[in-house]
Amino acid sequence: MGVVRVELDETTPVFAIAAAAELAGMHPQTLRQYDRLGLVSPRRTAGRSRRYSMRDVVQLREVARLGAEGVSLEGIRRILQLENQVGRLTDRVRELESALADEMLNRPGRRVFAAGSEGEVVSLRAGTRVRRSNQVVVWRPLDR
């Protein structure tokens, strides 16, 4: 019989609702309510049981902290939504930075570009510079 290796990380759903509630310092019914409200949505097993990850438990603790500070449940939902979006965007930026670094290492000197006057990307030959404009732009605030 071989050994089965399972990779666990912070997003692996391993905790039943009772264990997650204990780790978060909450009652299991509170976790069910937060799931219905969309604050923390655990994964489901084939039998439809909730399974919480360590990341879910951390979010539950954050919900409790924000609630204790007087933030409404709708406010908490929006905060968590924005924090999750920032996390996804941060991961994407890292991924793109890594891809760019790989590209620069694989093809040095081939990716020279600058921003044009309208914000567009302008490709340049290696060793050339962008011609700078000496136009004056007048800014006027919008009348309200």
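Guide: A residue is called buried when its relative accessible area is under 20%. The model discussed here is predicted.

Visitor: What percentage of the residues in the chain is buried?

Guide: The chain has 144 residues. By the cut-off of under 20% relative accessible area, the buried share of these residues is 17%.

Visitor: In what order do the elements of the chain run from the N terminus on?

Guide: There are four helices and four strands in the chain. Read from the N terminus on, their order is α-α-β-β-α-α-β-β.

Visitor: Is helix H1 roughly parallel or roughly perpendicular to helix H2?

Guide: H1 covers residues 17-24 and H2 covers residues 28-37, and their axes come within 8 Å, crossing at roughly 100°. Angles of 65 to 115 degrees count as roughly perpendicular. The orientation of H1 to H2 is therefore roughly perpendicular.

Visitor: Which residues make the contact of H1 with H2, and how many of them are charged?

Guide: H1 contributes Ile-17, Ala-20 and Ala-21, while H2 contributes Pro-28, Leu-31 and Arg-32. Five of the residues in this contact are nonpolar and none is polar. Arg counts as charged, and the number of charged residues is one.

Visitor: Why are the buried residues of H2 on the same side, and over what arc?

Guide: The buried residues of H2 are Leu-31, Tyr-34 and Asp-35. They lie on the same side of H2 because the arc they cover around the axis is only 105°. An α-helix has 3.6 residues a turn, so residues three or four places apart point the same way. For these residues of H2, the arc is 105°.

Visitor: Which elements do the buried residues of H2 pack against?

Guide: Two strands take part, E1 (43-44) and E2. The helices packed against are H1, H3 (54-68) and H4 (73-106).

Visitor: Is Arg-50 buried or exposed?

Guide: Arg-50 is in strand E2, residues 50-51. Its relative accessible area is 18%, and the cut-off is under 20%. Arg-50 is therefore buried.

Visitor: Which residue has a side chain joined to that of Arg-50 by a polar contact of 2.8 Å?

Guide: Beyond its neighbours within four places in sequence, Arg-50 is in contact with residues including Phe-15, Ile-17, Arg-32, Asp-35 and Pro-42. The side-chain polar contact of 2.8 Å joins Arg-50 to Asp-35.

Visitor: Which residue with positive phi follows H2?

Guide: H2 covers residues 28-37. The residue after H2 has a phi near 80°, and this residue is Gly-38.

Note on methods
Residues are numbered from 1 along each chain as its sequence is written. This is a predicted model: local features need pLDDT of at least 70, side-chain atom pairs count only at pLDDT 80 or more; totals for chains, interfaces and linings use all residues. Side-chain values use heavy atoms; hydrogens and water are left out. Axes are lines fitted to C-alpha atoms, for helices over the stretch in contact, and angles run from 0 to 180 degrees between N-to-C directions. Angles under 35 degrees count as roughly parallel, over 145 as roughly antiparallel, 65 to 115 as roughly perpendicular and the rest as oblique. Contact means heavy atoms within 4.5 Å. Buried means under 20% relative accessible area, exposed over 50%, partly exposed in between (1.4 Å probe, protein chains only). A polar contact is a pair of N or O atoms within 3.5 Å; within protein, one must be able to donate a hydrogen and the other to accept it, and residues adjacent in sequence count only if both atoms are side-chain atoms. The arc is that of the directions from the helix axis to the C-beta atoms.
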